[in-house]
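Please look through the structure shown here together with the briefing that follows.

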Amino acid sequence: MKTHFCIPVSQRRPDALGGRYVLYSVYLDGLLFCRVRYSQLHRWNEQLQRVFGSSLPPFPPKYYLAMTTSMADERRAQLEQYLQNVTADPNVLRSDVFIEFLKLAQLVLSCTQKICTEWLPTASTELEMETSNTFNITAEKAFLDIFLPNGRSVNIEILTSDSAERVLEVVSHKLRLSRELVGYFGLFLIRFYKEGSLSVVKKLADFELPYVSLRSSEVQNCKVGLRKWYLDPAFDSVLMGCRSAVELLYMQAVQDIEKEWIKPTQGQRQELEALQKENNQTKFLQLCQEVQHYGYMQLDPCHCDSPEPGCRAVLSVGNDEINCCITLPDNRTQDVVFQMSRVKCWQVTFLRTLLDMDGPQRTLNQNLELRFQYSEDSHWQWFIIYTKQAFLLSSCLKKMVSEKMAKLAAENTEMQIEVPGKSKSKKYHIQQSKQKQYSSFLSRKSKIKRAEGDCVFGTIKEEDL
């Protein structure tokens with residue numbers, strides 16, 4: 001499954017010898033992730049090749065003469081494509097070479113450390129470190145608050161270089177969450193507003209550094225929050241045997257009701273309030289299974305192009321569907337539901353991207369759209385959503401596809417169990433072990449068609465659905 005890496009902008013900077021070099025701004029899920037040079041990425045590719053060999057995608061070639069503007073833009077696009085392709089391999093994503101490079105790209109480390117000198121491709125270590133100091137944060141012990149849905153926070157001691165995967169393990173241990181259930185939760189960057197509302201900015205990738213992401217976020221009033229990370233409410237049943245997991249699900253359900261992200265009827269609301277007074281969390285969650293939009297991710301109000309361009313919309317995503325509440329020009333509302341089984345593909349596009357030239361660093365002002373192709377009356381149509389949460393929406397769509405494929409894989413395994421006989425049983429065990437490798441996400445490359453001319457600045461294609 002590809003990650004949402006892109007390189008929408010690059011900068012030319014002077015070096016200590018009077019020349020100039022290009023610094024590429026790498027964005028992950030629409031937010032600045034790090035700034036790196038071509039030579040650093042080239043050295044990283046060489047390290048990856050020693051581990052993965054010819055299975056890697058081709059790396060953009062070196063230029064030995066001065067680059068023109070068009071050549072520089074072509075290289076930027078090629079590096080962006082390389083990042084998207086190389087991260088499509090889950091083995092690469094889990095490798096030490098991949099993770100350590102991205103840690104170094106986000107952090108300032110002492111130049112005397114061995115790992116720095118191995119990573120840097122030139123003899124001028126100090127210069128190279130200066131150009132890659134994206135956020136000016138050193139690797140050291142620190143304390144980080146992880147916010148829970150009930151408003152409380154858990155303060156944990158970490159290293160600033162700890163990945164989201166590691167931080168999630170630490171906070172889960174402190175909350176006494178069963179180890180095998182940790183994967184059902186995730187760390188999110190959440191924006192809190194003065195009036196009490198909140199907005200989920202993004203899901204932190206396993207290899208991201210939460211401490212760095214929080215300190216470097218261009219979005220104001222952000223905190224790192226713990227939330228469940230699945231969109232099929234049926235998965236609740238897997239967690240009901242763990243008291244800590246039940247408490248976390250209960251906190252989030254109560255919060256979602258308060259924020260009106262899930263919509264109980266008047267009767268359901270009265271029953272839920274009674275169960276809440278009794279602190280009967282299990283029955284509360286069981287009743288929530290019947291409530292509209294329970295377990296969905298709700299996005300901030302946005303705009304869409306249907307039934308007319310510029311219509312306001314509120315999206316809720318979950319349970320294998322995209323629910324869109326559209327406000328029509330005459331202020332009437334219309335609910336439109338798109339089943340994921342009828343969605344063929346989707347893509348995220350930067351629109352009208354502008355550079356903020358003020359200050360020491362140029363930043364990206366984003367306008368994003370997500371468009372998906374779906375089947376209606378035997379015809380394929382595009383539905384376009386204009387939202388700053390386009391990458392979060394894309395992550396949710398990926399998650400629903402992943403959960404659907406996992407469920408189908410489990411059903412196929414059950415079919416194998418029904419076949420009697422000793423030899424058949426052996427066949428079942430082999431197929432089950434193989435399925436585990438692919439049940440998280442399956443490729444559908446053959447079903448994607450690239451839409452030429454749709455991209456104004458740079459498009460991220462979901463070609464691996």
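Three strands form an open sheet in the order β1-β2-β3, and their pairing is antiparallel, where helices (H or I, at least four residues) and strands (E, at least two) are DSSP runs numbered from the N terminus. This is a predicted model, in which local features need pLDDT of at least 70 and side-chain atom pairs count only at pLDDT 80 or more, while totals for chains, interfaces and linings use all residues. Residues are numbered from 1 along each chain as its sequence is written, and side-chain values use heavy atoms, with hydrogens and water left out.

- Strands of a sheet pair through backbone hydrogen bonds, either parallel or antiparallel.
- β1 pairs with strand β2 (residues 20-28) in the antiparallel sense over eight bridges, and two strands count as paired if DSSP finds at least two bridges between them.
- Arg13 stands opposite Tyr21 in β2.

**Helices lying across the sheet**

- α2 lies across β1 and β2 and runs at about 140° to β1; such angles run from 0 to 180 degrees between N-to-C directions, with axes being lines fitted to C-alpha atoms, for helices over the stretch in contact.
- Helix α4 (residues 96-106) lies across β1 and β3, running at about 95° to β3.

**Helices α1 and α2**

- The axes of helix α1 (residues 38-52) and α2 come within 12 Å and cross at roughly 30°.
- On the α1 side the contact is made by Tyr38, Leu41, Trp44, Asn45 and Leu48, and on the α2 side by Arg75, Leu79, Tyr82, Leu83 and Val86, contact meaning heavy atoms within 4.5 Å.
- α1 has 15 residues and reaches 20 Å from its first C-alpha to its last, close to the 21 Å expected at 1.5 Å a residue, where the expected span is 1.5 Å times one less than the number of residues.
- Among the buried residues of α1 are Tyr38, Leu41, Trp44 and Phe52; buried means under 20% relative accessible area, exposed over 50%, and partly exposed in between (1.4 Å probe, protein chains only).
- α1 is followed by Gly53, whose phi is positive, near 65°.

**Helix α10**

- The 16 residues of helix α10 (residues 243-258) should span 22 Å at 1.5 Å a residue, and its end C-alpha atoms are 23 Å apart, which agrees.
- Because 13 of the 16 residues of α10 are buried, this helix is largely enclosed by the rest of the structure.
- Glu260, which follows α10, has a positive phi, near 60°.

**Salt bridges**

- A search of the whole structure finds eleven salt bridges, each being a side-chain nitrogen of Lys or Arg within 4 Å of a carboxyl oxygen of Asp or Glu.
- Arg76 forms a salt bridge with Asp73, the closest N and O atoms being 3.1 Å apart, and the two residues are separated by about one helical turn because they are three residues apart in helix α2 (residues 69-86).
- Arg76 counts as buried at 8% relative accessibility, whereas Asp73 is partly exposed, with a relative accessible area of 42%.
- Lys228 and Asp236 meet through their side chains in a salt bridge (3.8 Å, N to O), and both Lys228 and Asp236 are buried.
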